[in-house]
Amino acid sequence: MYFMEARAKLIDLAAFLDRVERAAGEDDFRVAALRRALGELSGNGGQRARRALLSLSDPTSEPLAAAQGKSACGAWAGQGR
Amino acid sequence: MRYIEPHAHMVSRTTDDYAAMAAAGCQAVCEPAFWAGFDRSSAAGFYDYFRQLTEFEPKRAAKFGLTHYCWLCVNPKESEDLKLAIEVIDLIPRFLDRPNVIGIGEIGLNKNTRNELKALEAQIDLAARHKQLILVHTPHLEDKLKGTKLIVDALKSDSRIEPGRVIIDHVEEHTIELALNAGFWAGMTLYPESKCTAARAVDMIDLYGAERLWMNSACDWGVSVPLAVPRAALEMRARGHGRAAIDKLIYGNPREFMSQCPKFGVNHE
């Protein structure tokens, strides 16, 4: 089960990274975060979904002083943003 | 197949959706109060919304043979304006005795701010004072892990809160243990892109078992699927889960949790 679906998603992801590479400008932080998360897929030991989600997550613990908008963007922007 | 839809924003859906859910075996639909996609400008806007949830929507659902229940709160997306949030929280007790209100929800966090946390704590206190069940919304995407930790800490710091009367919704692989290990229930929301697919939900059932776990569609005004729960049941069947195991997940578990509110009952019981 699921092989063809996973294969299709893999090729879509590869095409997305190619598309980003062809575009002008530098990677934004989300693409960089996606590349880091991809590293969680290799190797053994299971929990790849959990590890990929953790790598995209805000690791801090203090509440923010105020919200800058309502939406999430899918990857933690880091301390600098 | 019979199932309970424990989290659906039916005010955003059509009568076709009600008809399809009833045809698929839905026995009851439960609607947490949420963000309308825009900020309401006053507490009066929430007052009207609570009337819609407790007066109009139950009648609309009944036309399709469905019992409609709701949860009331000010949602985290509108909690950043703390003055407004407190005004809305003060309105809620006058609705708690209405026959289809089964708890406080979906409370929680969105961007994990101080004001959101204050509004959350005020609503945990409201639930404790009125002995209400709690349904928790956890934040989206990169904010979910931090928000879930803050929410669990806030709930655990109030000694009046019994974890078995709280469901932490929208869990994913990196947050499900935070909910279950602390004794709370956990909800998996089945969305086409964000949150959780049916395949991942069945993975988590395989890994963590079927206790204190439910699945919901959280269908609303955005991209979402009102029949996500029965479709996930088909996924369970394809993965080898038997009839009884499926019935427990999609009917027995939500019934067990929400029956802790004496007002909750399922049609034909």
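**Figure 1. Burial and overall form of chain B in the predicted model.** Of the 269 residues in chain B, 54% are buried, where a residue counts as buried if 20 or more other C-beta atoms lie within 10 Å of its own, as exposed if 12 or fewer do, and as partly exposed in between, with C-beta atoms placed from the backbone. This is a predicted model, in which local features need pLDDT of at least 70 and side-chain atom pairs count only at pLDDT 80 or more, while totals for chains, interfaces and linings use all residues. Residues are numbered from 1 along each chain as its sequence is written, and chains are lettered from A and ligands numbered from 1 in the order in which they are written. Chain B has a mean pLDDT of 97, and 99% of its residues reach 70 or more; pLDDT is the predictor's confidence in each residue, from 0 to 100. For the model, the scores are ipTM 0.95 and pTM 0.97.

Chain B contains nine helices and eight strands, which are DSSP runs numbered from the N terminus (helices are H or I with at least four residues, strands are E with at least two). Because its radius of gyration of 17 Å is close to the 18 Å that the globule rule gives for 269 residues, chain B is as compact as a globular protein of that length; the radius is taken over C-alpha atoms, and the rule is 2.2 Å times the number of residues to the power 0.38. Along the principal axes, the C-alpha atoms of chain B fill a box of roughly 50 × 40 × 35 Å. Among the contacts in chain B with a separation of 6 or more, 73% are between residues 24 or more positions apart, a contact being two residues whose C-beta atoms, placed from the backbone, lie within 7 Å.

Figure 2. Chain A has three helices and zero strands, and its pattern along the sequence is α-α-α. The radius of gyration of chain A is 15 Å, well over the 12 Å that the globule rule gives for 81 residues, so this chain is more spread out than a compact globule. Its C-alpha atoms fill a box of roughly 45 × 35 × 20 Å along the principal axes, and 9% of the 81 residues in chain A are buried. The contact between the chains takes 20 residues from chain A and 23 residues from chain B. On the side of chain A that touches chain B there are 13 nonpolar, four polar and three charged residues, with Ala, Val, Leu, Ile, Met, Phe, Trp, Tyr, Cys and Pro counted as nonpolar, Asp, Glu, Lys and Arg as charged, and the others, Gly among them, as polar.

**Figure 3. Helix H5 of chain B and what covers it.** The 13 residues of helix H5 (residues 144-156) of chain B should span 18 Å at 1.5 Å a residue, and its end C-alpha atoms are 18 Å apart, which agrees; the expected span is 1.5 Å times one less than the number of residues. Among the buried residues of H5(B) are Leu145(B), Leu150(B), Ile151(B), Val152(B) and Leu155(B). The cover over the buried residues of H5(B) includes helix H3 (48-55) of chain A, as well as helix H4 (114-129) and strand S5 (133-137) of chain B.

**Figure 4. Strand S3 of chain B beside strand S2.** In strand S3 (residues 67-72) of chain B, six of its six residues are buried. Thr67(B), Tyr69(B) and Trp71(B) lie on one side of S3(B), and His68(B), Cys70(B) and Leu72(B) on the other, with both faces covered. Strand S2 (residues 26-32) of chain B runs parallel to S3(B) and is joined to it by five bridges, and strands pair if DSSP finds at least two bridges between them. Cys30(B) stands opposite Tyr69(B) in S3(B).

**Figure 5. Backbone details in chain B.** Most residues other than glycine have a negative phi, and most peptide bonds are trans. A cis peptide bond, with omega about -5°, joins Gly105(B) and Glu106(B), and Glu106(B) is placed in strand S4 of chain B. Arg212(B), in the loop between helix H7 (198-208) and strand S8 (213-216), has a positive phi near 55° and is buried, with 20 other C-beta atoms within 10 Å. Ala218(B) has a positive phi of about 45° and lies in the loop between S8 and helix H8 (228-238) of chain B.
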